Amino acid sequence: MRDTIYEVLARVMEKDINMFTDETVIKEIEGFDSLQFVMMISELQECYKIDIPLDRALEVETIGDLVACAQQV
């Protein structure tokens with residue numbers, strides 16, 4: 001799951017996947033905007049057939065948080 005999340009994030013953010021770590025703060029990625037975040041969450045939900053509640057998604061700060069959130073739902 002972690003690898004797919006990195007791939008989705010790299011594609012949505014149009015960044016090199018190698019620039020990401022679990023400690024990367026998503027909002028600090030150059031060019032980040034809320035629309036990209038929504039696109040990323042939507043793509044992950046579709047890919048894994050999961051539902052990430054909005055309140056949980058809004059708590060996500062780092063890529064590691066996103067991985068943990070996706071694994072818990």
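**Helical fold and local packing of the predicted model**

The protein contains four helices and zero strands. The coordinates are those of a predicted model. Along the sequence the elements follow the pattern α-α-α-α. The radius of gyration is 11 Å, close to the 11 Å that the globule rule gives for 73 residues, so the protein is as compact as a globular protein of that length. Along the principal axes, the C-alpha atoms fill a box of roughly 25 × 20 × 20 Å.

Of its 73 residues, 38% count as buried. Among contacts with a separation of 6 or more, 49% are accounted for by residues 24 or more positions apart. The accessible surface comes to about 4,600 Å², and carbon and sulfur atoms contribute 49% of this area.

Helix H4 spans residues 63-72. Its buried residues are Ile63, Gly64, Leu66, Val67, Cys69 and Ala70. These buried residues pack against helix H1 (2-13), helix H2 (34-48) and helix H3 (54-59).

Glutamine 36 is found in helix H2. With a relative accessible area of 16%, glutamine 36 is classed as buried, because this value falls under the 20% cut-off. When neighbours within four places in sequence are left aside, the contacts of glutamine 36 are with Val12, Met13 and Gly31.

The structure holds one aromatic pair. This pair is formed by phenylalanine 32 and phenylalanine 37, with the ring centres 6.3 Å apart and an angle of 65° between the planes. The arrangement is edge-to-face, because the angle is over the 60 degrees that this class requires. The centre-to-centre distance of 6.3 Å lies within the 6.5 Å cut-off for pairing.

How values were computed. Residues numbered from 1 in each chain as written. Predicted model: local features only at pLDDT ≥ 70, side-chain atom pairs only at ≥ 80, totals over all residues. Heavy atoms only, no water. Helix = DSSP H or I, 4+ residues; strand = E, 2+ residues; numbered from the N terminus. Rg over C-alpha atoms; globule rule 2.2 N^0.38 Å. Buried < 20%, exposed > 50% of the residue type's maximum accessible area, 1.4 Å probe, protein only. Contact = heavy atoms within 4.5 Å. Areas by Shrake-Rupley, 256 points an atom, 1.4 Å probe, with all protein chains shown as cover. Phe/Tyr/Trp six-rings, centres within 6.5 Å; stacked < 30°, edge-to-face > 60°.
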